[in-house]
Structures are given as structure tokens and as C-alpha cells.
Amino acid sequence: MDLLVYGSYGYTGRLIAHRLVRRGREPTLAGRNRDRLEDQADALGLESRAFSLDGPTEGIVEYLEGFDAVLNCAGPFVDTCGPLVEACLEAGTDYLDITGEFRVFEDLIENDDRAREAGIALLPGAGFDIVPSDCLAAFLADQLGSVEELTIGIAGGASISAGTARTILRMAGEGAVVRREGRLRRVPAADDVREIEFGRGYGTRSAVTVPWADVVSAPRSTGAEDVTAYAAVPSPAIGLMRRMERLAPLVGSRPARWLGDRLIDAAISGPSARERATGSAVVWAEATDGDDVARGRVETSEPYGFTAQAATAIAERVVAGEVDPGYQTPATALGPDLVLEFPGVDRELLVAPGEVP
Ligand SMILES: NC(=O)c1ccc[n+]([C@@H]2O[C@H](COP(=O)([O-])OP(=O)(O)OC[C@H]3O[C@@H](n4cnc5c(N)ncnc54)[C@H](OP(=O)(O)O)[C@@H]3O)[C@@H](O)[C@H]2O)c1
């Protein structure tokens, strides 16, 4: 299989590599730690390429030769996406990743024209962020015909991996971001709190504004000019999120980041196999064209397990040449029904256009 999986020995990279092998694929594994990479490649019977992303682009391009696509699993992606995308543009290799960092989406949208010229697809967000929310938003847009305003809510997924904790730490202090009249606006962390009826098994929960990447990507999939994303959090966490922002200069310093990384490594190992098998999550969304409203929800399996399923399926389809060049969201690349392909997914239209909300 002409797929390079970068960051393959991390928590989520391992899930993805295993899943590809279980599906009879033979991806090449890659990452910067030769020992961990070779151990993993030997155990799975796969080839590997050890390289860091610190050097010049030409050095990275050499390692991409012969591959149709790179699936980047190495996050925080603010550190890894730029060098890999530059190399992909030069090598003519499709790029996809599992980021949920809105800044990375912004950078990739900026590279849309270059990607079209190079004939490659740039498809970030091929995991739990943002496949279910993007597909649900595009599904509601199809129901309405056009969307002016989109609101998204996310609940579920109790445990996180060390990589996700590190990524959250990197974003701490940046607050949240919303889209208003087509422009991104920074707002304080947990700026708005609203009650969302997430439905079956989840009930009504307090949710706060978060910088979920749909705020950047949804205009492409739906045309929405106003986008807000909320995540359900327990009430004590709301105050904590607000305090974290005030501590931003401290949390963002190099020594604090170093200490934070050590603490995360010692304390967080990611969802267990049992948690992945039994967990779930739900994405709720409401879209309006100014007059009419459509509302829906998508329930998925546990987010890390879902990410492995979605990223492998999307990578297979990118390698098969099914995705057009340029910046793509999961739904623009493969349609709003993509999310229905994954086990345990259930989509409901809660309010159809024309119904009284
Ligand atoms: N979209 C989603 O729903 C979703 C789901 C799961 C994970 N994620 C994101 O995916 C990322 C990875 O998560 P994880 O659980 O796999 O974390 P992890 O276990 O910490 O693994 C991170 C991987 O990235 C590599 N890496 C980190 N920084 C690097 C750099 N500057 N250069 C090269 N390699 C680098 C690490 O290599 P070293 O060990 O050599 O540092 C490791 O292989 C996180 O950002 C997380 O938020 C998103």
C-alpha cells in the first residue's frame, strides 16, 4: 500500500497501524524515534522510515518518494503539519491527518491553490474531530438548501490520550474561537455557556464554547457565515477553563510546557481497550438559513476507536484516488454520508426544515 503513516508509534498512530494491518494493508510506518519505530515495524511485519521534521524540506521530500499519501498522526500538529505539507506539495503526495487544531485547518485552507496546482489533496480532520460534525453539518445543509448559521455541540469521550493532553496544553490560554459574518473571532475560554439537549443516553448538558475546528472548516462544507461550537463539560470544569486562560503566560512558557509534558506522560495513558469498546460520543447540530431550521445528531463509538476507523477508511480512499486535489473537508471529499460507514454510528434528523422547532 502506498501510504506512509507518520507518528505511527504514538497512541492513536498505533491504533491506526494495527487497523490497517487487520484490513490486509501494508502501510510504511514513519516517525522520528528510530528504536520505537523499528520495534513497531518488526512486530507488525511492515517497513519503516525514520526521519524528523526539523530539517530542510528537501530532506523530508526524499522520504516521501514513492508514496501516494501521508497520514500524519504526530501531534500537536502545529509542530508537524507545516513541514510535512511543504514536503507533500513538493513531492506530489496527498496529505491527511487527524488534527482538531483550528490553526492547522486555517493554514491548510491557505494552501488550497498550491495544492490544486500540485495535484494533491489536503484533508485534515480525518478523525473524531471533525468527521462526525462535518458530515452532520453538511447533511443539515443538504436538508435546508443553504445555511447562514451553524451551531455544533459535542458530548462524550471520557478519557484522553497523552498526545491530546499535550495538544490541549499547547492551546491553553488561546481561549475559544467563533465565526461571525464570515470572520474568525477570538473569544475568552468558555465564553458562552448553553444547555444542549444531546438526546438518548446523554440528556441535557451544560456546554461551553470551544475552538472546535468546524469553526474554520464548516463554511467550506455548508456555506455558513456564523459558526459556534460547544463541548459539554462538568460545571466545575467551566471555572477551571476560565482560570487556565488567565494563567496562559505561565502555562505557555518553555519550563512549564516541559514540566507539563513530563506530568502528562506519567499520568495519562489513553483510553483502555475496554473504554474504547464500550465508550461513545454524540455530536448535535443546528443549522438555519435565516427562516428555517434543521437540527440533527450523530452518535458514534468512542472517539479514539472512531478516529482509527475513520482515518484508515479515508486514507484508503485517498490512496485509491477518490479524493479531488485541493483543501478538502471529510464531507466535501467523500460526502455527508461518509460517517454512516463506521460501526456504531447512528444519525437522526431531529427537526426537518418546515417542522416547528
Ligand atoms: N481528531 C481526533 O479526534 C484525534 C484523535 C486522537 C488523537 N488526536 C490528536 O493526534 C495527536 C496524537 O495523539 P496520540 O494520542 O497519538 O499522542 P501520543 O501518543 O503522544 O503520540 C504522538 C506522536 O506524535 C509524535 N510527535 C509529536 N511531536 C512530534 C514532532 N514535533 N515531530 C515528530 N513527531 C512528533 C510522537 O513522537 P515522539 O514520541 O518521538 O515524540 C508520537 O509518535 C494529538 O495531537 C491528538 O490531539 C486527534
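In this predicted model, Arg 116 forms a salt bridge with Asp 112, the closest N and O atoms being 3.1 Å apart; a salt bridge is a side-chain nitrogen of Lys or Arg within 4 Å of a carboxyl oxygen of Asp or Glu. Local features need pLDDT of at least 70 and side-chain atom pairs count only at pLDDT 80 or more, whereas totals for chains, interfaces and linings use all residues. Residues are numbered from 1 along each chain as its sequence is written, and side-chain values use heavy atoms, with hydrogens and water left out.

Arg 116 and Asp 112 stand 4 residues apart in helix 6 (residues 112–118), which means that about one helical turn separates them. Helices (H or I, at least four residues) and strands (E, at least two) are DSSP runs, numbered from the N terminus. Asp 112 is buried, at 8% relative accessible area, while Arg 116 is partly exposed, at 44%. Buried means under 20% relative accessible area, exposed over 50%, and partly exposed in between (1.4 Å probe, protein chains only).

In total, 14 salt bridges are counted. One of them links Arg 295 and Glu 286, at 2.7 Å from N to O. Another links Arg 297 and Glu 299, at 3.5 Å. Arg 297 is buried, with a relative accessible area of 1%, and Glu 299 is also buried, at 16%. Shared partners join Arg 200, Arg 297, Glu 299, Asp 346 and Glu 348 into one network of salt bridges.

Strand 10 (residues 193–197) pairs with strand 11 (residues 204–209) in the antiparallel sense over 5 bridges; two strands pair if DSSP finds at least two bridges between them. Arg 194 has Ala 207 of strand 11 as its bridge partner. The two strands form a hairpin with 6 residues between them, and Gly 199 in the turn has a positive phi of about 90°. Strand 11 is also joined to strand 12 (residues 226–232), in antiparallel fashion, by 3 bridges, with Tyr 230 in strand 12 as the bridge partner of Thr 209.

A polar side-chain atom of Tyr 9 lies 2.6 Å from a ligand oxygen atom, and a backbone N or O atom of Tyr 11 lies 2.7 Å from a ligand oxygen atom. An N or O atom in the side chain of Asp 129 is 2.7 Å from an oxygen atom of the ligand. Taken alone, the ligand exposes 910 Å², of which the protein buries 87% (Shrake-Rupley method, 1.4 Å probe). Helix 8 (162–171) gives the most to the shell around the ligand, with 4 residues.

Notes. Polar contact = N/O pair within 3.5 Å; in protein donor to acceptor, adjacent residues only side chain to side chain.
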